[in-house]
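Good morning, colleagues. Please take a moment with the sequence and the coordinates before I turn to the packing.

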Amino acid sequence: MTSPTSPPRQDWPRSPPARRSLTMTLEELMNAPAPASRWVLERDCAETGLDPADIRAEMLRRIGEMRSSVERGLQSDARSITGMVGWNAKGLWDAPDVLGAPLLKRVQAYAMAVNEENARMGRIVAAPTAGSAGTIPGALLGVADHLGLSDEQLVDPMILAAGVGKAISKRMFISGAAGGCQAEIGSSAAMAAAAVVELLGGTPRAAVHAASLALMNTIGLVCDPVGGYVEVPCVSRNAFFAVHAVSAAQLALAQLESFIPPDEVLGAMASVGRLMPAALRETAEGGLAQTPTGLAVTARMEGKGEGELPGGMVELPLA
């Protein structure tokens, strides 16, 4: 699990083009010439004035940081500050593969390793947020290691993931506080799905439809971290949605597509985010955070007695 040095690209001009403000939609990305990552990089360089070689070098560095957080997370069972997580990734990694599904196990363990490093206040790469930081390394590094691919081969898929994230951010929220967990984990799953498609040689159309499939199946997901800490359910949620991203990529590579156009999926998700009550948007005032156990953890972390916290979840009577 090493990070080789990326050689300089010779097929790009050394002088950056003039800067100009550019927008990007998923439809534009879907219809871009292959590979989609090159189109994203060209537009980014036109907008920022940066040299493409520098962007690629920086992306390789970030991949190295992702890999480092995976490695540390798989080796450690140190508890987080709250004590709610810290042993999950190592426990899964060390456990027998009872399903005989090494890719599934790897993707899940990698994703949780990163998020548990985040919970320990370790160094991670927000992608696009800290709470969703495990999804891309779980899916992309997991698939790459399963297939024996190098970190150099992940640079272009990561550039495409960044482009998808940028397109999403232009249309909707990417924070749980603004739009629920659909905005965080949904965005990261979409970015990861597109990246996996590019890694495996898929077309720009397939990559964008993978992103759309990942997004449309996260619509409505609330952000309800226990005690307000990005630990429960966030660590396991990254494991689930890293697999979700790989599943979306597999569907798209088989030429399955989102029935709803990708940009319309973005619009629908943004609309749902605006409709979502504040209690379900990272305030710890609803969902899992308001269960008796969630309230007890919150009380303990705030130095209060369990009876000092108001609220609690409302359950409907059984029929």
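Which residues does Leu29 touch, not counting residues up to four places away in sequence? Leu29 touches Ala36, Trp39, Val40, Leu160, Val164, Pro204 and Val208, where contact means heavy atoms within 4.5 Å.

A word on conventions. This is a predicted model, in which local features need pLDDT of at least 70 and side-chain atom pairs count only at pLDDT 80 or more, while totals for chains, interfaces and linings use all residues. Residues are numbered from 1 along each chain as its sequence is written, and side-chain values use heavy atoms, with hydrogens and water left out.

Leu29 belongs to the largest nonpolar core, of 85 residues, and is listed with Ile136, Leu140, Leu160 and Val164 as touching the most other members. Such a core is a set of buried Ala, Val, Leu, Ile, Met, Phe, Trp, Tyr and Cys residues joined through side-chain atoms within 4.5 Å; buried means under 20% relative accessible area with a 1.4 Å probe, protein chains only. Helix H9 (residues 181-199) gives this core its largest share, 13 residues; helices are DSSP runs of H or I, at least four residues, numbered from the N terminus.

I turn next to helix H10, residues 204-216. Because 11 of its 13 residues are buried, H10 is largely enclosed by the rest of the structure. Among those buried residues are Pro204 and Val208, both of which Leu29 touches. The buried residues of H10 pack against H1 (26-30), H2 (36-48), H7 (155-171), H9, H11 (234-253) and H12 (262-275).

Conventions:
Buried < 20%, exposed > 50% of the residue type's maximum accessible area, 1.4 Å probe, protein only. Helix = DSSP H or I, 4+ residues; strand = E, 2+ residues; numbered from the N terminus. Expected span 1.5 Å × (residues − 1).
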